[in-house]
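Here is a chain to explore. Let us walk through it step by step.

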Amino acid sequence: MGQTPRSAPDPQVRLQPTHLTSDEKKWGGRLRPRGTSRSRCSALALALLTVLPASPATFGPKEMLSVVSFADESQPAISPSGSWIAYATADKTDEANILARHPTAFLWVVPAAGGPPKRILGENEHADTPVWSPDSSKLAFVRSSKGHRQVMLWDPATGATKEVGDPFAEDRSVWASEGITLHWTPDGHSLIVAALQPAPTAPAAPRFTVIKSTDAVVPGDIFFVDKRMWKLASIDVSTGKMRELSPTSFAIRSLLIAPDGKTALFRAVTPDTLGHFRAEKMETWLVHLDGSGTTRQAGRQPWTIYSANGRELIYPDKAELHARALDGSGDHVLATGLPNGVRQPLLSEQAQQLALLAPRPGTGPKDPNMYSILRPDSDVVVVDLHSGGVRKLTPATRSDEIGDVSWSPDGRALFYRTTDPVTYKETLHRWIAGTNEAPKEVFSADEAMTHFTSSSDGRRVSFVSMSATQPNDAYVYDINENQRRPVTHLNPQLKDIQFVAPQMFDFRSEDGDLLQALIFKPAGASREHPVSVVTYVYEKLSSAKNRFNPEAQMHVTHGYAYLEPDVLVKVGYTGESFVKSVVPAVNATRDMGFTTGKFGINGGSFGGYAGLFLISHVDIFAAAVLRAPPSDFFSTWADGRDRDIWTIDNGQARADGNPWQARNSYLANSPFFSADRVHTPLLIMHGEKDYTVPTQQGEMMFYALRYLKRPVELVLYRDGDHSIVRGSRDDYLDYYQRTLDWWDKYLKGN
């Protein structure tokens, strides 16, 4: 690894006051006159000599890299019979898997009743995307080797595997493809495959480029376009022969197989709008699985699904639910009184019940054209396709977040997960179709649970779960026995590390808004054994209370507390919103009495912007480590991407207009124009191949502070993207070790 340019030696960091006056608390210590509080600083220096007992084991960058996880599209899935669970885990020895969307992985099966896992292929063979046949007699999956993918079958009865179909291109993109690649027909005789097509060879760069104001796509937005093209094919399971269903490639986004197994329905981006920022249009296509062709469906409804017999298509139209024949004829109304904006349709073919998520009126963001992290409260709604009746299953008195809605394979039981918006406890619910009974709680946990799949009879449920102190593992829940059992133990190497769960506390912003924050504290942190605090900033972070946070645990095992405050961003006052939310959270943490008085500020991307704004407006942080931080609204707006024009105008930056309409907002919210107020020692790290926040943004702040002779360092990673560490073990280790070294220097004084 080459040497990284360094700035001149840093001046001694100024110690922060341990107690603040009311005015100082309001502005985070900015009003403290320079050179005062010398006695307080001396007392604090003595306090720093008292250290916590060393923890038995640390969780550092190398240990973070060792954490085993499930591969995308390969989370545990229980067989319809309830006998087996299949899953794939990312290969930790493959450096390219670091933060990869589609990692190389190892495929496993394990008896649902208990027992050791079994690897399907050889020790060094990669495979993923397990899909059970309807009768559980076969497991289809995809093997990866030398840039190609190959569909294979595993027979649980004999343990034998075999190849079926022809190879196709491997996907190493950053785009999701869950639910697209592999599907069984209902009779189990065929597999429908979305075969990724090889990307076309990039043309040589032209000597000059002409960009016109009328161009639909500008060159800078190309990096954010999912340009993958797919062809659909059918594999006869008995012969292994593969037949192309259409000679045309499509930019497929979703795929359904008809209940009668005769057609498939997919949604794809129209070729003339592919890559148009926030303006891609979708169209629905019907493909005949006998190879007789494809038909584009009329209209552009928000969603379309099959009827229970597969001979009609169901879709919403305002407050009505409609159905029509596959050829477009015979349109008729199935139900009325449908709530506006229903989404995520799931049909029980056997029970003739359609489950939907419906947003509650009056909830969610007030301005649909302005970016917001707020989401509307939702209800689970079920439409009886026999009677046309519409029923809400979720109580109006609750405002839980709802997710993971799924039917059991026999169509009799509907499952969904709720998350309490205050405690973040999660609960699995089950409703028996066709009954007047309310859904019943299956079980609850202070965990983050996803990817529920059930056996055909709905009695066994497999799922993935993590807690604040444990990474993801697979579990099975037996509803009849009311018993939960772990299926995997992915990370035994972490058993000696003492992870901690965060404490959640309430605080009020400077505007009086009630917010929440998480604080991770090393064991034993107290007034007698104080610790420094690293503050991580973004927007709403408390909702991750029950998720395993590797960065938080890294800091805790290295002797730092880790603070994550929620931030309420107000339109036009983006930077000020961070000051008014983060400073009170820091003061509340300081008042808990376990800190040394030294706080660091940490964040990346929009969190990096927040960190820059904070250190240029308040003086409460002893050090800052920021990744890919935007520093100037003007140059970000005009950096050559329609994406960033929207990001600043009405996107995450919330400037509330363009530079001519909202000039003052652009100036006030750009940390670059307050660089002369920065005194906090700052480490900026940026990837030279960052197409999300161009390197120029970090460089602008660095060179401003260098000119002002402030303590600052800039580390540029030659191959780093927006994450900096994706696909590079050396960069990963370097990035996190530099972070720890910076804290040790300025928060511990080492």
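**A helix and its neighbours**

Begin with helix α10. Which residues of α10 are buried? They are Thr695, Gln697, Gly698, Met700, Met701, Phe702, Ala704 and Leu705.

Now check the length of the helix. Helix α10 covers residues 695-707, which makes 13 residues. At 1.5 Å a residue, α10 should span 18 Å. After α10 comes Lys709. The phi of Lys709 is positive, near 60 degrees.

Keep in mind that this is a predicted model. How far does the confidence reach? The pLDDT averages 91 over the chain, and 93% of the residues score at least 70. Residues 1-52 have a pLDDT below 50. In the model, this stretch still has 91 contacts beyond near neighbours in sequence. Where pLDDT is low, predicted coordinates should not be read in detail.

Next, go to Thr104. Where does Thr104 lie? Look in the loop between β2 (84-90) and β3 (105-111). Is Thr104 buried or exposed? Its relative accessible area is 8%. Buried means under 20%, so Thr104 counts as buried.

What surrounds Thr104? Setting aside neighbours within four places in sequence, Thr104 is in contact with Thr89, Ala90, Asp91, Asp94, Asn97, His126, Glu170 and Arg172. With one of these, Asp94, the side chain of Thr104 makes a polar contact of 2.7 Å, side chain to side chain.

Conventions: Residues numbered from 1 in each chain as written. Predicted model: local features only at pLDDT ≥ 70, side-chain atom pairs only at ≥ 80, totals over all residues. Heavy atoms only, no water. Helix = DSSP H or I, 4+ residues; strand = E, 2+ residues; numbered from the N terminus. Expected span 1.5 Å × (residues − 1). Buried < 20%, exposed > 50% of the residue type's maximum accessible area, 1.4 Å probe, protein only. pLDDT = per-residue confidence, 0-100. Contact = heavy atoms within 4.5 Å. Polar contact = N/O pair within 3.5 Å; in protein donor to acceptor, adjacent residues only side chain to side chain.
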